[in-house]
Amino acid sequence: KQIDVDHWVKSVCRYCGTGCGVLIGVKDGKVTAVKGDPDNEGNKGLLCAKGYYLPQVITHSERVTKPLIRKNGKLEPSTWEEAMELVTAKFKESIASNGPDSVAFYGSGQQLAEEGYVANKLFKGAIGTNNIDGNPRLCMASAVGGFTTTFGADEPMGCLEDFEHANVFFIIGSNIAEAHPVLFGRLTDKKKKDPDTKIIIADPRRHRSHEIADISLQFVPGTDMALLHAMAYVIIEEGMTDEEFIAKHTSFSNGKEAINFEAYKEFLKEFTPEKVEKVTGLSAAQIQEVARLFGAKGKNTMSMWTMGINQRVAGVWANNLIHNLHLLTGKICKPGSTPFSLTGQPSACGSVRETGALSHLLPGHRVIANEKHRKEIAELWGVPADRISPQVGLHTMELFKACGDGRVKCLYVMCTNPAHSLPNVNAYQEGFEKVFMVVAEAFHPTATTKYADVVLPAAFWCEKEGVYGNTDRRTQHLAKAINPPGEAKPDLDILLDLAQRLGYGELFPFKTPEDVWNEYLKCTTGTHMELATYPALREAHGIQWPVKGHQGNKGAVRRYVAPEDPYVKEGIDFYSAKDHRAVIFARPYLGPAEVVDEEYPYYLTTGRILEHWHTLTMTGKCPTLMRAVPKQYVELNPQDATELGIKEGDTVRLVSRRGKVEIPVRVGRPGEPRPGLFFALWFEPDPLVNVVTIDAVDAASKEPEFKICAVKIEKV
Ligand code: MGD
Ligand code: SF4
């Protein structure tokens with residue numbers, strides 16, 4: 001069919017962390033088409049269904065086009081002036097009466113980097129509270145913890161180009177086929193071109209990704225630490241280590257103190273394949289086979305993981321153990337050899353991890369706990385040194401708890417839908433009801449706008465200019481393609497207006513996203529995550545940092561290795577780590593927070609499918625995607641279904657210690673998922689699966705364990 005387009009605008013898909021380059025076709029001020037950008041390294045012109053159907057989402061009738069204020073319990077249209085005056089008065093009053101920590105901001109890995117930077121500066125630098133967090137806490141916080149504890153700095157060293165060089169892919173806790181479909185396409189291409197490529201998929205759940213697996217491991221939920229330690233044991237036992245690499249580039253720790261290689265080997269004796277058979281439900285032979293493939297000399301191994309590893313109470317430690325395998329074998333910082341975390345959202349890296357828009361961070365990978373970092377940022381922001389509180393702010397789950405117990409009185413929510421996406425969400429309802437909540441949203445109603453006191457109409461993805469930072473340190477510019485509908489405004493403009501009204505205008509003299517970027521760039525100068533300039537980003541199809549001195553439009557494809565990384569003179573140098581040595585951790589085994597018992601005998605896990613994104617506010621507006629998958633469901637293993645006398649299409653009640661949800665059943669193919677495990681989609685606002693999930697968090701990253709809880713099942 002002929003596509004009706006006047007011109008194409010270079011942008012980036014607004015969904016997953018792959019960050020596929022897109023070209024937006026515009027005709028008469030309307031988006032008429034989206035196609036993959038062939039010059040983008042991330043996707044080389046390909047898109048998945050979610051990306052292709054973005055035009056159907058933009059013009060939906062549920063776009064918010066006017067500010068709304070709650071009056072007599074109902075959200076009524078108002079003017080920007082009235083809405084912003086109300087928000088300003090409430091925030092000012094709360095700060096004056098209860099102090100800066102009585103207000104908070106909750107953002108998103110889908111916001112633009114400039115929006116994240118300005119929100120962070122407004123709350124931490126101007127108002128003086130570190131109560132700013134965001135949904136990357138639910139998503140990538142454990143990966144951040146893994147990278148920072150092992151390598152001393154966040155974010156991966158590898159790149160998407162590594163797909164072309166790897167011979168062995170070790171994919172654990174990731175349904176790459178559905179959550180990162182274009183990367184799955186790269187994987188299948190690689191396998192087609194080079195049939196000797198081996199793909200290992202390790203996951204308690206059998207899913208679409210398993211279809212190309214050479215080895216498919218389905219372990220007992222929450223036992224991956226045992227599997228990873230056992231793989232390390234085999235790698236050492238069978239001489240697959242790179243002793244020179246270990247001696248030169250690593251140190252060992254038990255998490256409390258330094259240990260030596262011998263002590264680590266001693267520790268691993270508790271994790272022989274035979275000993276972990278029972279825990280993991282895998283045979284010793286399976287574990288040995290996988291370890292041998294991973295460690296095979298002369299082969300390049302790329303590991304990938306996402307929420308199955310991150311959304312766990314052992315999230316940071318499990319991340320450490322994946323890094324261990326690469327450090328023991330020296331399979332790192334080489335083409336095709338790398339640990340590579342897959343990011344859930346388009347800009348969790350660029351807009352939150354890099355801008356420091358979480359309660360313990362500051363821009364440029366700095367941290368609140370470090371006095372020097374606070375001073376540096378205060379100086380760059382032009383605020384007194386003591387304005388940035390040394391106290392780490394509230395992390396996501398604590399923040400919503402604080403809305404309920406009155407510690408937080410005013411909350412600004414932007415580009416996220418927490419009343420749907422938080423685990424054990426019923427426990428936080430009181431908070432949603434009590435707090436004065438401002439929600440900057442592109443669509444209404446959502447689960448969260450239902451509780452909002454003020455809804456601010458936000459411009460959507462292609463209606464504003466800005467920058468995303470995708471999964472492989474790739475910074476990408478999104479040009480504005482069309483005007484927002486009605487009175488909707490870019491989030492950046494709304495935040496700048498709020499800053500002005502709160503009396504901090506001098507600190508926010510920005511007229512354009514580029515002005516914001518220019519100030520933010522200074523926060524990265526001299527750090528190892530120097531970013532590219534706006535003109536360079538506008539021209540390029542993504543630039544990977546570090547970009548030393550912000551010069552040029554060629555970033556560092558790989559990090560910590562010469563000549564790609566400008567901070568390394570020769571060979572490999574883990575320059576962010578203490579003594580330049582990455583840490584191999586002897587982490588004690590930790591299983592899930594909740595294990596099955598007589599009363600709650602099944603495990604429940606939740607996740608994405610290809611066709612839908614998170615809380616359905618966007619893909620739910622797309623008729624094509626809704627036709628493909630109109631309803632969420634819980635998937636049961638055929639053996640479990642038979643034993644329970646449940647058939648495809650039946651409705652069941654899933655009951656946990658926290659809540660219950662009624663949901664239709666889909667019976668999987670044999671092994672889908674592992675017997676004893678149920679898998680539920682969670683995209684519908686009603687019934688809400690998150691009333692059942694658990695809000696236990698990883699002690700270090702504070703990321704909740706969405707991936708495992710115990711349930712019972714009842715036929716409705
Ligand atoms: P989204 O649907 O992505 O979900 O959860 P959320 O972030 O809460 O919400 C984004 C919102 O931003 C939408 O309502 C959209 O309409 C709005 N929006 C879109 N564009 C703009 C814009 O430009 N400006 C503004 N202001 N708004 C905009 C995601 C969260 O969910 C995450 S990140 C993870 S990883 C968790 N995963 C997970 C799971 O695996 N299982 C279960 N059970 N729950 C989970 N919850 C978590
Ligand atoms: Fe968008 Fe991810 Fe699909 Fe690419 S793979 S088109 S970034 S959702």
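1. Domains. Domain bounds here come from an automatic or database domain assignment. For the protein chain of this predicted model, that assignment gives domain 1 (7–58), domain 2 (68–131 + 347–463 + 486–524), domain 3 (141–342 + 579–585) and domain 4 (602–693). Where domain 3 and domain 4 meet, the contact takes ten residues from domain 3 and twelve residues from domain 4. The domain 3 side of this contact has five nonpolar, two polar and three charged residues. Between the C-alpha centres of these two domains the distance is 29 Å.

2. Confidence. The protein chain has a mean pLDDT of 97, and 100% of its residues reach 70 or more. For the model, ipTM is 0.98 and pTM is 0.97.

3. Surroundings of ligand 2. The shell here has 14 residues, with Cys13, Cys16, Cys20, Cys48 and Gly51 the closest to ligand 2. Two or more residues come from each of helix 1 (49–52) and helix 8 (181–193). Eight residues of the shell around ligand 2 are nonpolar, five are polar and one is charged. Why is ligand 2 placed between domain 1 and domain 3? Both domains give residues to its shell, so ligand 2 lies between them.

4. The largest nonpolar core. This core has 230 residues, and the members that touch the most others are Phe169, Leu227, Met231, Leu411, Met437, Val438 and Val634. Helix 9 (residues 224–237) gives the largest share of the core, ten residues. For valine 634, the contacts beyond four places in sequence are Val652, Leu654, Ile663, Val665, Phe678, Phe679 and Ala680.

5. Helix 21. Which residues of helix 21 (residues 491–504) are buried? They are Asp491, Leu492, Ile494, Leu495, Leu496, Leu498 and Ala499. The elements that cover these buried residues include helix 3 (80–98), helix 4 (113–127) and helix 22 (513–524), together with strand 17 (410–414), strand 18 (436–441) and strand 19 (454–457).

6. Alanine 318. This residue belongs to helix 15 (residues 315–329). Alanine 318 counts as buried because 27 other C-beta atoms lie within 10 Å, and the cut-off for that class is 20 or more. Apart from residues within four places in sequence, alanine 318 is in contact with Asp224, Met225, Leu228, Ile309 and Arg312. Alanine 318 and glycine 25 are separated by 293 residues in sequence and by 43 Å in space, C-alpha to C-alpha.

7. Glycine 128. The loop between helix 4 and strand 7 (132–134) contains glycine 128. Is glycine 128 buried, exposed or partly exposed? Glycine 128 has 18 C-beta neighbours inside 10 Å and so counts as partly exposed. Its contacts, leaving aside neighbours within four places in sequence, are Pro100, Arg387 and Ser389. Glycine 128 and valine 383 are 255 residues apart along the chain, and their C-alpha atoms are separated by 9.8 Å.

8. Cis peptide bonds. The bond from tryptophan 545 to proline 546 is cis, with omega near 5°. The bond from alanine 562 to proline 563 is cis, with omega near 0°. Proline 546 is in the loop between strand 22 (543–544) and strand 23 (582–585), and proline 563 lies in the loop between strand 22 and strand 23.

9. Positive phi values. Asparagine 424, a residue other than glycine, has a positive phi near 45°. Asparagine 424 sits in the loop between helix 19 and helix 20 (429–434) and is buried, with 20 other C-beta atoms within 10 Å. Lysine 702, in the loop between strand 28 (677–681) and strand 29 (709–715), has a positive phi near 65°. Lysine 702 has 23 C-beta neighbours inside 10 Å and therefore counts as buried.

Definitions and conventions: Residues numbered from 1 in each chain as written. Chains lettered and ligands numbered in written order. Predicted model: local features only at pLDDT ≥ 70, side-chain atom pairs only at ≥ 80, totals over all residues. Buried ≥ 20, exposed ≤ 12 C-beta atoms within 10 Å, placed from the backbone. Helix = DSSP H or I, 4+ residues; strand = E, 2+ residues; numbered from the N terminus. Contact = placed C-beta atoms within 7 Å. Core = buried A, V, L, I, M, F, W, Y, C linked by C-beta atoms within 7 Å. Near = placed C-beta within 6 Å. Nonpolar A, V, L, I, M, F, W, Y, C, P; charged D, E, K, R; others polar. pLDDT = per-residue confidence, 0-100.
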